[in-house]
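Hi everyone, thanks for coming. I have one model to walk through this morning, so please have a look at the screen.

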Amino acid sequence: VLAIECAGFNHEGSELRRTGSMDAAEIVRVAAENGLDDRESLVSFTLGFASGAAGRDSTEPVHLYGMADSIICAGIWAFLIDAKIPFEFHNVNIFQDEHLTQDFQDINIYHTLPTIKHGSYALHESSAILRYLCRAFPTATSKFYGNGDIQVQGFIDAALDERQIGLRSV
């Protein structure tokens with residue numbers, strides 16, 4: 001019988017009535033009660049209870065700074081939407097030098113897009129942002145980042161790094 005130690009949080013971060021360990025049947029039942037009845041959602045939900053990830057999904061929204069028509073920013077934007085991570089988009093028009101303002105410099109001294117702010121923490125560079133989001137929202141993003149398999153995560157990281165190197169060498 002599969003038993004998973006859990007902190008007792010559902011996919012929206014609200015606390016469940018029970019904590020402790022759950023067998024597989026109980027995990028499926030609780031997931032279904034929370035509207036998670038497809039396989040991918042169930043895997044993500046289960047991994048959210050796994051040691052180290054239990055209840056760790058942040059409830060604070062991410063602030064994404066970028067240009068609406070930027071392909072690099074669009075990737076982060078699409079990921080936030082698909083993973084159902086709460087966020088607010090802030091359009092920064094580089095053609096009007098909005099990335100050079102003091103307000104934006106207070107967030108990112110390099111003046112680059114995309115940039116995120118999550119609480120008091122700010123980060124730029126799209127690959128770093130994607131990795132950060134997977135760590136800050138492990139339950140919501142597990143299906144996108146190897147479902148906890150570090151070898152798959154390594155492959156994804158290599159692809160992200162290769163993409164960055166390829167773009168820079170053009």
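Predicted model: local features only at pLDDT ≥ 70, side-chain atom pairs only at ≥ 80, totals over all residues.

The protein chain has seven helices and six strands. If you like to trace the order yourself, begin at the N terminus and you'll read β-β-α-α-β-α-β-α-β-β-α-α-α. Of the 170 residues in the protein chain, 36% are buried. Looking at contacts with a separation of 6 or more, 52% of them come from residues 24 or more positions apart. As for the surface, the protein chain exposes about 10,000 Å², and 54% of that is supplied by carbon and sulfur atoms.

Now, please find helix α3, which covers residues 71-82. This helix is twelve residues in length, and from its first C-alpha to its last it reaches 16 Å, close to the 16 Å expected at 1.5 Å a residue. Which residues of α3 are buried? They are C73, I76, F79 and L80. Viewed down the axis of α3, the buried residues fall within an arc of 125°, so they line one face of the helix. And what do they pack against? Their partners are β3 (62-66), β4 (87-91), α5 (126-136) and α6 (138-141). On the other side of α3, you'll see I71 and I81, and those two are exposed. Both are isoleucines, like the buried I76. Following α3 comes K84, with a positive phi near 60°.

Let's move on to the strands, with β5 (115-118) as our guide. β5 pairs with β3 in the antiparallel sense, over four bridges. To find your place there, look for L64, which stands opposite I116 in β5. β5 also pairs with β6, residues 121-124, again antiparallel and over four bridges. In this second pairing, T115 stands opposite H124 in β6, while H118 has Y121 as its bridge partner. How many residues sit between the strands in the hairpin of β5 and β6? There are two, and in this hairpin G119 takes a positive phi near 70°.

Let's take the loop between α4 (102-105) and β5, where you'll find P114. The peptide bond joining L113 and P114 is cis, with omega at about 0°. H111 is found in the loop between α4 and β5 as well. H111 is not a glycine, yet its phi is positive, at about 60°. Is H111 buried or partly exposed? Its relative accessibility is 22%, and the cut-off for buried is under 20%, so H111 counts as partly exposed.

D97 has a positive phi too, of about 60°, and is not a glycine either. You'll find D97 in the loop between β4 and α4. D97 is partly exposed, with a relative accessible area of 43%.

Start with the buried residues C73, I76, F79 and L80 in α3. Then go to β5, which pairs with β3 and with β6. Finish at the cis peptide bond between L113 and P114.

How values were computed: Residues numbered from 1 in each chain as written. Heavy atoms only, no water. Expected span 1.5 Å × (residues − 1). Buried < 20%, exposed > 50% of the residue type's maximum accessible area, 1.4 Å probe, protein only. Arc of directions from axis to C-beta. Contact = heavy atoms within 4.5 Å. Pairing = 2+ DSSP bridges. Areas by Shrake-Rupley, 256 points an atom, 1.4 Å probe, with all protein chains shown as cover.
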